[in-house]
Amino acid sequence: MTKFPFFLVVPVLLSAQTAAPDWKKLQAETREHFSAMVRINSSNPPGNETVVAKYIQGVLEREGIPSKLVGSDPNRLSLIARLKGSGAKKPILIMGHTDVVGVQAERWSEDPFGAKLVDGYIWGRGTIDDKDVVAGGLMTMLILKRTGARLDRDVIFVAESGEEGGGGGGRGAQPTYGIQYIIQNNWPDIDAEYCLTEGGSFVSTGGKLLYQRVELSEKVGRGMRLVAHGTAGHGSMPRMDNAIMHLGGAVWKIGQWQPPMNLTDVTRTYFEKLAQVVPPEEAERYKALFDSGKTQAAQDYFRKNNIEVNSMLRTSISPNIIGGGFKSNVIPSEAEVTLDIRAIPGEDMEKFKAMMEKVIDDPQITIEAGNFQAPSPQPSTTGTEMYRMLEKVQQRLFPGTATLPYMVTGGTDMRGLRLKGMQCYGIGAELPTEDMVTHAMHSDNERIKESGLYDFVRYEYEVVAGMAAK
Ligand SMILES: [Zn+2]
């Protein structure tokens with residue numbers, strides 16, 4: 001080894017050591033940016049996410065972090081920023097969506113765009129979906145820049161519009177905003193080895209953190225319509241082939257049907273690990289899922305008592321729009337129902353449709369299949385450097401809590417990225433089980449535990465720093 005003069009070695013050592021973040025001070029700053037973003041009403045529709053993107057751009061600009069706004073709809077721009085690394089490893093992408101779902105303000109006990117702190121919780125639309133995750137990404141960028149961390153990888157931050165749906169953001173052939181726009185038009189700006197965004201959470205009960213759910217997979221939307229065909233006629237002379245009657249019967253049968261349980265590697269591991277961290281009575285139910293003598297009773301229990309678990313166990317069907325008829329004295333010749341079908345990744349949909357036909361068992365009903373062809377992305381895996389880092393930092397900050405691979409029953413913006421081969425992981429702030437229904441995402445009175453927000457920012461920063469800093 002070559003000996004360098006001491007005075008040359010010292011500066012190298014100093015620059016390799018970055019200043020430790022002052023978390024107390026950073027909490028106040030997190031609260032400031034988070035509250036400012038919650039106070040911007042970016043309800044989708046119409047979105048107006050550009051206002052949020054510009055706020056973030058202003059914050060980054062003051063710190064000397066360049067960013068750009070992208071999209072062809074000027075009201076719905078997304079932001080992309082990048083901290084350069086040495087390029088020794090591939091970039092990491094951290095993301096959060098800037099739109100929120102709408103509110104019925106009269107049903108809230110606090111202003112949904114007030115970001116008011118009440119009893120240790122910050123209230124408002126978007127507080128846990130998804131401005132907490134946006135704040136996590138923003139603060140991570142600021143801290144990395146300020147501490148002067150030398151990076152092995154570029155860290156890319158995307159605050160994207162249009163995650164909460166609505167057409168132009170992704171479903172159309174020519175998206176004008178949102179992640180699909182970015183994937184089609186700005187791919188080189190976001191291409192990365194790993195991405196981190198919403199979809200997971202730290203679950204607590206009675207203030208005690210129990211486990212983290214890391215989202216590796218999601219169900220696939222496979223919507224269908226049931227169409228009933230009958231004979232039109234005069235309403236004064238009822239017909240047994242009335243399309244509405246037949247549709248009603250079919251909807252009832254399909255609603256009562258319990259499609260077969262279909263576990264994946266992700267969900268099997270999730271329930272096995274969950275059984276190790278919940279109270280004994282609950283654990284028995286999860287274990288029973290794998291016991292051929294007890295599984296049916298356990299599945300029935302979840303169907304009645306835990307709709308999320310029920311949906312994780314199988315491809316689910318929910319009849320959500322119904323239509324038929326146009327005049328009270330006319331028997332219509334057709335009636336239809338739109339089914340929201342969320343398939344377990346890998347479910348054979350032709351086989352599933354055949355099962356539905358058997359259940360309905362009515363020649364007057366046809367099943368119009370939706371997008372069976374839409375690809376189902378490969379789940380992310382637990383065997384990556386990123387997953388290990390998520391576990392490692394969790395053990396450091398919240399020792400003794402478990403890390404569970406998780407599948408969400410809805411969808412996130414990770415879908416399009418996973419289809420491109422990116423390993424994506426969904427994370428999130430503390431979610432108290434007591435809040436899961438009454439204060440959950442998309443519910444009235446959405447709120448976040450204040451300390452959970454700060455813990456999440458620190459967690460995300462330490463994961464990203466662990467992955468990217470030298
Ligand atoms: Zn969301």
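With 10 C-beta neighbours inside 10 Å, Asp361 counts as exposed; the classes are buried for 20 or more other C-beta atoms within 10 Å of a residue's own, exposed for 12 or fewer, and partly exposed in between, with C-beta atoms placed from the backbone. The model is predicted: local features need pLDDT of at least 70, side-chain atom pairs count only at pLDDT 80 or more, and totals for chains, interfaces and linings use all residues. Residues are numbered from 1 along each chain as its sequence is written.

Asp361 lies in the loop between α12 (349-360) and β16 (365-369), where helices (H or I, at least four residues) and strands (E, at least two) are DSSP runs numbered from the N terminus. Although Asp361 is not a glycine, its phi is positive, at about 45°. A positive phi of about 70° is likewise found at His442, also not a glycine. The loop between β19 (430-432) and β20 holds His442, which is partly exposed because 14 other C-beta atoms lie within 10 Å. Most residues other than glycine have a negative phi, and most peptide bonds are trans. A cis peptide bond links Asn44 to Pro45, with omega about -5°, and Pro45 belongs to the loop between α2 and α3. Another cis peptide bond, with omega about 20°, links Asp129 to Asp130; Asp130 is placed in the loop between β5 and α4.

Helix α3 (residues 50-62) comprises 13 residues and extends 18 Å from its first C-alpha to its last, close to the expected 18 Å at 1.5 Å a residue; the expected span is 1.5 Å times one less than the number of residues. Its buried residues are Thr50, Val52, Ala53, Tyr55, Ile56, Gln57, Val59 and Leu60. These pack against α2 (23-39), β1 (67-70), β2 (78-83), α4 (131-146) and β6 (155-160), contact being defined by C-beta atoms, placed from the backbone, within 7 Å. Gly64, with a positive phi near 75°, follows α3.

The end C-alpha atoms of helix α13 (residues 385-397) are 18 Å apart, in agreement with the 18 Å that its 13 residues should span at 1.5 Å a residue. Met386, Leu390, Val393 and Gln394 are the buried residues of α13. Seen down the axis of α13, these buried residues fall within an arc of 105° and so line one face of the helix; the arc is that of the directions from the helix axis to the C-beta atoms. Their packing partners are β7 (194-197), β9 (208-218), β17 (402-408), β18 (423-426) and α15 (450-468).

An open sheet is formed by 3 strands in the order β4-β5-β20, with antiparallel pairing; strands pair if DSSP finds at least two bridges between them. β4 (117-118) and β20 (447-449) stand at the edges with a single partner strand each, so one side of each is left without a neighbour in the sheet. β4 and strand β5 (residues 121-123) run antiparallel and are joined by 2 bridges, and Leu117 stands opposite Ile122 in β5.

The chain is divided into domain 1 (20-202 + 380-468) and domain 2 (220-369), with bounds from an automatic or database domain assignment. The C-alpha centres of domain 1 and domain 2 are 33 Å apart. Contact involves 7 residues of domain 1 and 14 residues of domain 2. On the side of domain 1 that touches domain 2, 5 residues are nonpolar, 2 polar and none charged; Ala, Val, Leu, Ile, Met, Phe, Trp, Tyr, Cys and Pro count as nonpolar, Asp, Glu, Lys and Arg as charged, and the others, Gly among them, as polar.

Definitions and conventions
Contact = placed C-beta atoms within 7 Å.
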